[in-house]
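I set out below what I looked up in this structure, entry by entry.

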Amino acid sequence: MRIGELRSNPQERTSDEIDLPLNLPTSKNWQSHDLRAWHFIEELVQMNISPSPANPFEINFAALTEMPSLEQALQAGALAAFLREVLLTSCPYFQLIQADFQRCVQLHFSIMPSIVPVQAGTSAEPSQHLINASQKSKDGRS
């Protein structure tokens, strides 16, 4: 989905249209319903991707596993936290989201032992294990 697909071409818009928000059912109901940011994302994905995906929050695990270890662990943890919030609301994709949530949690905790020091270093210096993991992440290696 590209931004240009959501709104008309900026060169063709009049000054009155520049700040015109998208006309979405979700945006019309945000005050009367307990809606979160992901409800808007879900609606945009469903409206703009054809055919509509079975799970608009599906995680691209192929891209995630291509990342360096430190970034993988952080991204997987952040995605798990986001998916947990979605799961705590009523959603029609519960089983699909739950499966991605569980994979994110497993990925996060499987990587963490390799990037967290086994024992604490001195108070002012990070342990060599953490320095090595950080350097591998910067170099793009897992």
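The entries run from the whole chain to single residues.

**Basis.** I worked from a predicted model, in which local features need pLDDT of at least 70, side-chain atom pairs count only at pLDDT 80 or more, and totals for chains, interfaces and linings use all residues. Residues are numbered from 1 along each chain as its sequence is written, and side-chain values use heavy atoms, with hydrogens and water left out.

**Whole protein.** I looked up the secondary structure first, taking helices (DSSP runs of H or I, at least four residues) and strands (runs of E, at least two), numbered from the N terminus. The protein has 7 helices and 0 strands, and from the N terminus its elements read α-α-α-α-α-α-α. I then looked up burial, where buried means under 20% relative accessible area, exposed over 50% and partly exposed in between, with a 1.4 Å probe and protein chains only. Of the 142 residues, 25% count as buried. The accessible surface is about 10000 Å², and carbon and sulfur atoms hold 55% of it; this area comes from the Shrake-Rupley method with a 1.4 Å probe. For contacts I used heavy atoms within 4.5 Å. Among contacts in the protein with a separation of 6 or more, 50% join residues 24 or more positions apart.

**Nonpolar core.** Here I took a core to be a set of buried Ala, Val, Leu, Ile, Met, Phe, Trp, Tyr and Cys residues joined through side-chain atoms within 4.5 Å. The largest such core has 20 residues, and those with the most contacts inside it are Phe 57, Ile 59, Leu 64, Leu 83, Val 86, Ile 97 and Cys 104. Helix 4 (61-65), helix 5 (69-87) and helix 6 each supply at least two residues of this core. Helix 5 gives the most, with 6 residues. Leaving out residues up to four places away in sequence, I found Val 86 touching Trp 38, Phe 57, Cys 91 and Ile 97.

**Helix 6.** Cys 104 lies in helix 6 (residues 94-115). Cys 104 counts as buried because its relative accessible area is 0%. Beyond four places in sequence, Cys 104 contacts Ile 59, Phe 61, Ala 76, Leu 79, Ala 80 and Leu 83. Cys 104 and Phe 61 are 43 residues apart in sequence, with their C-alpha atoms 8.6 Å apart. His 108 is also in helix 6, and its relative accessibility of 16% makes it buried. With residues up to four places away set aside, His 108 touches Ala 73, Ala 76 and Gly 77.

I checked for disulfides, meaning pairs of cysteine sulfur atoms within 2.5 Å, and the count is 0.

**Helix 3.** The 12 residues should span 16 Å, and the end C-alpha atoms are 17 Å apart, so the two agree. The buried residues of helix 3 are Trp 38, His 39, Glu 42, Glu 43, Leu 44 and Val 45.

**Glu 42.** Which side chain does the side chain of Glu 42 meet in a polar contact? It is that of Tyr 93, at 2.6 Å. A polar contact is a pair of N or O atoms within 3.5 Å; within protein, one must be able to donate a hydrogen and the other to accept it, and residues adjacent in sequence count only if both atoms are side-chain atoms. Glu 42 sits in helix 3 (residues 37-48) and is buried, since its relative accessible area is 17%. Apart from neighbours within four places in sequence, Glu 42 contacts Pro 56, Phe 57, Pro 92 and Tyr 93.

Key: The expected span of a helix is 1.5 Å times one less than its number of residues.
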